[in-house]
Amino acid sequence: MSSENQQRALRPRRSCLAVPGSNPRFLEKAQGLAADQVFLDLEDACAPLAKPEARHTIVKFLNEGDWSGKTRVVRVNDWTTEWTYRDVVTVVEGAGAELDCVMLPKVQAAAQIQALDMLLTQIEKTVGLEVGRIGIEAQIENAKGLVNVDEIAAASPRMETIVFGPADFMASINMKSLVVGEQPPGYPADAYHYILMRILMAARTHDLQAIDGPYLQIRDVEGYRKVAQRAAALGFDGKWVLHPGQVEASNEVFAPSQEDYDHAEMILDAYAYCTSEAGGKKGSAMLGDEMIDEASRKMALVVSGKGRAAGMKRTTSFTPEEA
Ligand code: GLV
Ligand code: MG
């Protein structure tokens, strides 16, 4: 864990909205949606012939749009194409001050993150932006990326998230299903468990966020919710949304329930009180019928952090008599 990563703000990313960089109508509409993050896409949602113009469209929308309250990300093309450097140069030179992160798809090795890091640093120096402010999101989309996910997670202090790309990943390992994110028929357990856990372990080891990728059956909100719950239950921080109808489900699934949020805040207050001078400097205490200690505080911090990031307000307050 690097000290730089400790200092990088963990931004809310319950819902990460994909918007094709070549579609001004969608870029306009996205600004009014309640997604925590938007990413303006130059990769697979943008046809090859449309990419050169889309770079400039994205610059214009970053500079002139109202993205307040949202993390602003651009997904560039991967390093095996001829487009990556021009994507980064045009977007960061033109709108670097209005950009929070660059998302790099199909990452397979730490060197690909380092190359992006160096390019960003040169542009920041050239145009007078704060060096290192723009973060990196790395998509894991094939077997090699997953095998190397630890070194990828550690590759740069700019790293903020590891993102699972199920569509490309399923194709890359020959998974026997065409429905992205759904279980392949004939397998009796969860075919994604290892992949998601592997990504989550790498992310948590390096204090990064773990984000689940798209669910393409955009009219099936219940299907979306189920797949999102699978990732949220393990500890993932958020999931892509491809359609306005998925935003609310994602925000709900990745935020704690009101009851859990209130409970977490109560644990934090009770533990702070019982370890204080006034509370008798105790290492553990009772909150109602529940014994709490330092480990309870850590668990509560995760839930309260997610709730606070989601803008939740507590509905209960702590009094010392409860501890
Ligand atoms: C996303 O990029 C995916 O391939 O699922
Ligand atoms: Mg992909």
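This is a predicted model: local features need pLDDT of at least 70, side-chain atom pairs count only at pLDDT 80 or more; totals for chains, interfaces and linings use all residues.
Colleague: Near what value is the phi of D207?
Modeller: Most residues other than glycine have a negative phi. D207 is a residue other than glycine with a positive value, and its phi is near 55°.

Colleague: Is K281, with its phi near 50°, buried or exposed?
Modeller: K281 also has a positive phi in a residue other than glycine, and this residue is found in the loop between α12 (258-275) and β9 (285-287). Exposed means over 50% relative accessible area. At 57% relative accessibility, K281 therefore counts as exposed.

Colleague: Which residues coordinate the magnesium ion (ligand 2), and what parts of the chain does the pair tie together?
Modeller: The magnesium ion (ligand 2) is coordinated at 2.1 Å by an OE atom of E141 and an OD atom of D168. Because E141 lies in the loop between β5 (135-140) and α6 (143-147), whereas D168 lies in helix α8, the pair ties together parts that are 27 residues apart in sequence. The residues are thus E141 and D168, and the parts are the loop between β5 and α6 and the helix α8.

Colleague: Which class, buried or partly exposed, does E141 fall in, and which does D168?
Modeller: Buried means under 20% relative accessible area, so E141, at 4%, counts as buried. D168 has 25% relative accessibility and therefore counts as partly exposed.

Colleague: How many residues of β1 are buried, and which way do they point?
Modeller: In a regular strand the side chains alternate between the two faces of the sheet. In β1, S15, L17 and V19 point one way, while C16, A18 and P20 point the other way, and all are buried. The strand is mostly covered, and the number of buried residues is six of six.

Colleague: Which residues stand opposite C16 in β8 and in β2?
Modeller: β1 pairs in the parallel sense with β8 (residues 238-241) over three bridges, and with β2, again in the parallel sense, over five bridges. Opposite C16 stands W240 in β8, and in β2 the residue opposite C16 is Q37.

Colleague: What is the volume of the second largest pocket, and which residues are the closest to its centre?
Modeller: About 540 Å³ of space lies in this pocket, and 26 residues line it. By class, the lining has 15 nonpolar, three polar and eight charged residues, and β1 (15-20), α2 (24-30), β2 (37-41) and α8 (166-173) each supply at least two of its residues. The volume is about 540 Å³, and the residues closest to the centre are A18, V19, P20, L242 and H243.

Colleague: How far apart in space are T57 and G21, C-alpha to C-alpha?
Modeller: T57 is found in helix α3 (residues 51-64) and, at 14% relative accessibility, counts as buried. T57 and G21 are 36 residues apart in sequence, but in space their C-alpha to C-alpha distance is 6.7 Å.

Colleague: How far apart do the C-alpha centres of domain 1 and domain 2 lie?
Modeller: The domain assignment of the protein gives domain 1 as 3-253 and domain 2 as 258-322. The C-alpha centres of domain 1 and domain 2 lie apart by 33 Å.

Terms used:
Residues are numbered from 1 along each chain as its sequence is written. Chains are lettered from A and ligands numbered from 1 in the order in which they are written. Side-chain values use heavy atoms; hydrogens and water are left out. On a 1 Å grid over the protein atoms alone, a cavity is a set of points where a 1.4 Å probe fits but cannot get out, and a pocket is an open set with protein on both sides within 12 Å along at least five of seven lines; lining residues have an atom within 4 Å of a point. Grid points are joined across faces, edges and corners, and a volume is the space filled by probe spheres set on the points. Helices (H or I, at least four residues) and strands (E, at least two) are DSSP runs, numbered from the N terminus. Ala, Val, Leu, Ile, Met, Phe, Trp, Tyr, Cys and Pro count as nonpolar, Asp, Glu, Lys and Arg as charged, and the others, Gly among them, as polar. Donors are N, O and S atoms within 2.8 Å of the metal (3.2 Å for Na, K and Ca); water is not among the atoms, so sites may look incomplete. Buried means under 20% relative accessible area, exposed over 50%, partly exposed in between (1.4 Å probe, protein chains only). Domain bounds come from an automatic or database domain assignment. Two strands pair if DSSP finds at least two bridges between them.
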